[in-house]
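Subject: Structure for you to look at

Dear colleague,

I am passing on the structure below, and my notes on what was found in it follow directly after. Please read them with the structure open beside you.

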Amino acid sequence: MNERPVRTVTSATIFVRLTLIATFIVLCMRLYALQIVSGATFQEQAVVNRLREIDLPAPRGVIYDRNGEILARNRPSFVIAVVPADLPTDDFTTAVDEQRIALERLLAVLRADTDPEMALHIAQGMFLHLGRFDFAAAFETAGIDLSYRLVNLESLQRTEDGREILVEKPMLIPDLSQPFPVAGLLALLERAVALETQGSSFKPVPVLELVDREQAFRVAEETYQLRGVRVLQKPVREYPYRELASHVLGFLGPIPQLAADDYTAQGYEDLNESVGLNGLEYTYQDVLRGKPGHKLIEVDILGRENRTIRTVQEPEPGLHLSLSLDIRLQEKMHKALARKVEETGAPHGVALAMNPRNGAMLGLVSLPSYDNNIFSEGLGDEYLALEVEDDTRRPLYNYAIGGLYPPGSTFKLVSATAALTEKVISPHTTIVDQGPLYLPNYFFPNDPTQAQEFVSWNHKLGIFHGPMTIVSAIGLSNDIFFYMIGGGFPNTMEGLGSERLAKWMRLFGYGELTGIDLPGEVAAFVPDDQWKRLTKAESWVTGDSYNTAIGQGDVLGTPMHVLVSTAAVANGGFVVKPQFVQEMVDAQNTLQWQHNPVIRERLPVDPYLLAYVQRGMWNAVNTASGTAVTSRVENVTVAGKTGTAEFCAYDPTIKDCIDRDDEGNLPFHAWYTAYAPYENPDIVVTVFVYAGGEGSATAIPVAQEILSAYFHELRP
Amino acid sequence: MFELFLIDRSLWRHFDKLLFLAVLSLCSIGIAMTYSATITTIDLADYWQRQLIFTILGAIALISTALFDYRHLELLAQPSYIGLLISLLAVYFFGEVKGGARRWLDLGITDMQPTEAGKFLLIVFFAWYLSRFQEHIRSLPYLLGAVILLAAPLGLVYIQPDLGMTITLAFISGTLILINGVRFAHILMGVAAGIAAWRVLRGTLQDYMVERIQIFLDPGSNPDAAFNVRQALISIGNGGWLGMGWGEGPQNQLHFLRVRHTDFIFSVIAEELGYVGAVLILLLLFFVVWRLVHIADLAQDQFGRLITLGVAALIFFQTVVNVGMNLAILPVTGMTLPFLSYGGSSLISMMVAVGLAQSVIMRHRKIDFQ
């Protein structure tokens, strides 16, 4: 009995030793397999782990005015974001959701639970990031009620022929003024993270944008141990002159959902990238943006940058734009127009200034204006629509290029040039104003009661202008003269008629876009016989020619059209393309692009004849009886043309035009278009005040102030 | 009892200096690797200093234990078994729940996990039981007695639940029973009983246990746990032949590797010291176990022999389970790597265990002792 155990013991320890050796060999073999055989694979994975290519955003180009004043620049700002791949994933072996805890802690650090404003801010940011649909869906899955508002969403869309048109679309959007519970915010974050994880999960999801330096540092410190939380730098576009130049500069915003495909096709990777949505920021988006670069960095498990390995591709900064706009003149224009608009209670007004020789835009004011800085912090196109709706005056609308109005007497420049060139009249032809014109009825030419009465503005004041040539007729803005040259008179003279009026209207640029480098420009159809048959199922009559010749009836144009047609008279018959951006320079200040003035084929008009039209405009300002004597500027000869355009804003509820006066007369738009110096024009100015009444009373003082400032303050 | 602590110079003659040197080398490497694994984490930056202090304390504990005559432990065998049962029952009734398991006793000052000490108590108890009844152990009642005595604490640990510890205790005790000598027929019976028990116990496996096993079998099922294992593999593979250099392993330094100073210190070693370093350290660990088996062979009595083998089994088991987990050939259990993983209680208790073995070898010649 004593021996056997000893023998067992011995064999046992041999067995134990063999086990030890075997185990050791197994472990060494496994190590060999991992470290030597598949070493390369794992080394590759370690590289994937720690090396990451990140975007280096290119700084957006700065916009300068003609004197080098900064109109748009970039201010550093911070974004607090989470990187989905770096967030802790939910460990299923525990009841708690690790990812949710991390997000909850982040919200707590941001004080979203105690500060309702912060909660709102985050909700707005998430709305931008997620979009309408996912935003609502996140709340729904979290079981939190959300209230909605209905808006008409306006967006610029490209038509098939490449034009940009405004499209309206009704939409339900969440009411972002309601309080947001933390549970709701959490649901938003979780949804954003979940959506992002389907794509590239290293892309940061912004939680809170536009954080100032102090707040950014605090959050960075408090979230040091929070996996996946990142404080990123993001420049914000800043417009120092705020509402002064917002219609020119436009603003930035995240890529609109409706246009997302367009941008993706152009190579935009991040749909949250801020792009120009209006103004020059929109037109020159590609050059201003530059090209983002890439950098290879080493990150730790929390995704924090440890060190830069190398820059894969340097970002290419956007080009700087130099405008012909003079911000000082722009400011004068803004002030002068704003004062008048306020005085008259007009809903909106426009003031434009341009160099008539090359189309370089010196100023563009469309009132009401808006502070474009608010969009850097704003909520995207859908909430812009909301704001527009809340303000019936629609401040985002650029009336200078987007509003079509009857040009009234400013159109006489076109009719006069046409009549002279088409030899309807000679410069010396005299037409007598002896009171209203009675145009016999076409079917009952011998029945005076059927005749149609056409009056000139002066008849209401009991004044008859008597005999006039074209020069004095322009100076006096006599309508009888222009009725006659437009439509003629039976048995007396032959007028221009619909075809020739339409031809000259087109030659002066009406009926098509002026081509200014701003988005959202419109043009109306040129009314002629065919147009009238198609749209009104009526034939063109002499009365139509009468109305067309004085810029009423169906003639429509934007203030920009009036400006360009005035410039064509001023510069001796050249229709120019208005243009803001004159130069583009790169970050090294090297000139990359220069605008060549686009001047169309000269109008087929003898300069000798056009001089009579110019003289007519000179008369309006510089003779005692002229309509625009108040627009004189000391030491400078101004030439101008007023306009008082009757308009009908049809209201279907009263089945009539709104704002008729006691006698049933229609309201008027006030126009004034002028250039100076008469001898060698430097500047052409057009002022328009919607429902501003008499052009001479409302529009002239604004233009006079602009011209006077231009010649005496800005160019001493 | 006083003479227990008297230092007899002749005792030192048989003190296993190679074993001691191997253990101290492992501890030093542990300190260095703890440094590398924690120095980039501000909160843990002083851990290497703590580990150094634990090592010094452990060395003192080792020598003190070596001086203590292990044979006096025979007197403590029964009380320690009863004490273990009582503390496990106390845990069952009054224990604190942490992370879904009832394993801790609140002692006011600190929380205690009775199973940590339980490993040693069980080694001492089974060494006593098996050596005391060695003559009878070949008859079934005594073997069954051992199994029943083992089943009681095992059951209590299992329902805490703590599968890892249950298996550890079963492995140590099982090794002792087998090495002490069992009939082949009895082994077959045991296997049959084991299969029967598995059928019953399988239903009682806690969710987390099932899941851990599942993750081990299919790493895709839990991304987070699988993430840890994957990162460990990447770290090891990244090491190559000679490693990235101490303090230079990106997986370690950039914290892709988690619990890197405790459970996954072996991955840090493999990444920074490479295949050569990892094999050398494995060699040191197996040398320690080998040396303990050698001591067991020299032990003057069955009690000392079983104690030493128990200690060897413990170190072997923890090494294999931890390294196996790092190498993704065994499931993740949260078991530390002896002498190398950061942690005071685990290090000091391992040193005490080696001290016990030293106590056995120092007294393996009766003549020296008397």
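Between them, chain A and chain B bury about 4200 Å², with 68% of this on carbon and sulfur atoms; buried area here is the accessible area (1.4 Å probe) that two parts lose on being put together, summed over both. The size of an interface is often given in this way, as the accessible area lost when the parts come together.

Before going further, please note that this is a predicted model, in which local features need pLDDT of at least 70 and side-chain atom pairs count only at pLDDT 80 or more, while totals for chains, interfaces and linings use all residues. Residues are numbered from 1 along each chain as its sequence is written, chains are lettered from A and ligands numbered from 1 in the order in which they are written, and side-chain values use heavy atoms, with hydrogens and water left out.

To return to the interface, chain A brings 41 residues to the contact and chain B brings 49 residues, contact meaning heavy atoms within 4.5 Å. One salt bridge is counted between the two chains, the term standing for a side-chain nitrogen of Lys or Arg within 4 Å of a carboxyl oxygen of Asp or Glu. Its partners are Arg17(A) and Asp297(B), whose closest N and O atoms are 2.8 Å apart. On the side of chain A that touches chain B, the elements giving two or more residues are helix H1 (3-37), helix H2 (39-50) and strand S12 (293-299), and H1(A) gives the most, with 21 residues. Helices (H or I, at least four residues) and strands (E, at least two) are DSSP runs, numbered from the N terminus.

Turning to chain A as a whole, its secondary structure comes to 23 helices and 29 strands, and 54% of its 716 residues are buried, that is, under 20% relative accessible area (1.4 Å probe, protein chains only). Phe127(A), in helix H4 (residues 116-142) of chain A, counts as buried because its relative accessibility is 2%. Although Phe127(A) and Pro174(A) are 47 residues apart in sequence, they are 8.8 Å apart in space, C-alpha to C-alpha.

Chain A also holds an open sheet of six strands with mixed pairing, in the order S9-S3-S2-S14-S23-S24, where two strands pair if DSSP finds at least two bridges between them. Its edge strands, S9 (236-238) and S24 (591-594), each pair on one side only. Strand S23 (residues 581-585) pairs with S24(A) in the antiparallel sense over three bridges, and Glu583(A) stands opposite Gln594(A) in S24(A).

With best wishes

Notes. Buried means under 20% relative accessible area, exposed over 50%, partly exposed in between (1.4 Å probe, protein chains only).
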